[in-house]
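Hi there,

Here is the structure I promised to pass on to you. Have a look at it first, and then read on for what turned up in it.

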Amino acid sequence: MRIAVLGDIHSNHIALEACMDWIHKNRIDGIAFLGDYVSGCPYPQKTMRIIRIYPPKLYDRVCSRKP
């Protein structure tokens, strides 16, 4: 299982979008979000919108250890 680990995003929706594109292109099996999604930076809503469009199965399996 290949897992991408993302943290300290701090509302950087441009970098997050690039990471998610890379994850998709490289067929990563799961994503672990470590926190610090938003901060005082501009456009925190864009960051959360990107995170929410990915189905929970991509990161739920990693965090809860489901098969």
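What share of the contacts in the protein with a separation of 6 or more comes from residues 24 or more positions apart? The answer is 76%, where contact means heavy atoms within 4.5 Å.

A word on the ground rules before the rest. This is a predicted model, in which local features need pLDDT of at least 70 and side-chain atom pairs count only at pLDDT 80 or more, while totals for chains, interfaces and linings use all residues. Residues are numbered from 1 along each chain as its sequence is written, and side-chain values use heavy atoms, with hydrogens and water left out.

Now the overall layout. You will find three helices and two strands, in the order β-α-β-α-α from the N terminus on. Both kinds of element are DSSP runs numbered from the N terminus: helices are H or I with at least four residues, and strands are E with at least two. Of the 67 residues, 30% count as buried; that term stands for under 20% relative accessible area, with exposed over 50% and partly exposed in between (1.4 Å probe, protein chains only). The accessible surface comes to about 4800 Å², and carbon and sulfur atoms hold 55% of it (areas are from the Shrake-Rupley method with a 1.4 Å probe, and for residues only the protein chains shown count as cover).

On to the inside. The largest nonpolar core has twelve residues, including Leu6, Met20, Phe33 and Tyr54. Such a core is a set of buried Ala, Val, Leu, Ile, Met, Phe, Trp, Tyr and Cys residues joined through side-chain atoms within 4.5 Å. At least two residues of this core come from each of β1 (3-6), α1 (13-25), β2 (30-33) and α2 (44-53), and α1 gives the largest share, with three.

Ser11, in the loop between β1 and α1, is buried at 3% relative accessible area. Leaving aside neighbours within four places in sequence, Ser11 is in contact with Thr47 and with others, among them Tyr37, Cys41 and Tyr43. The C-alpha atoms of Ser11 and Gln45 are 8.0 Å apart, although 34 residues separate them along the chain. His13, in helix α1, counts as buried because its relative accessibility is 15%. Not counting residues up to four places away in sequence, His13 touches Tyr43, Lys46, Thr47 and Ile50.

Ile3 sits in strand β1 and is partly exposed, at 40% relative accessibility. Together with Met1, Val5 and Leu34, Ile3 makes a nonpolar surface patch of about 430 Å². Patches are made of residues with over 30% relative accessible area and no salt bridge, where like charges are joined within 9 Å and nonpolar side chains (Val, Leu, Ile, Met, Phe, Trp, Tyr) within 5 Å; a salt bridge is a side-chain nitrogen of Lys or Arg within 4 Å of a carboxyl oxygen of Asp or Glu.

Happy exploring!
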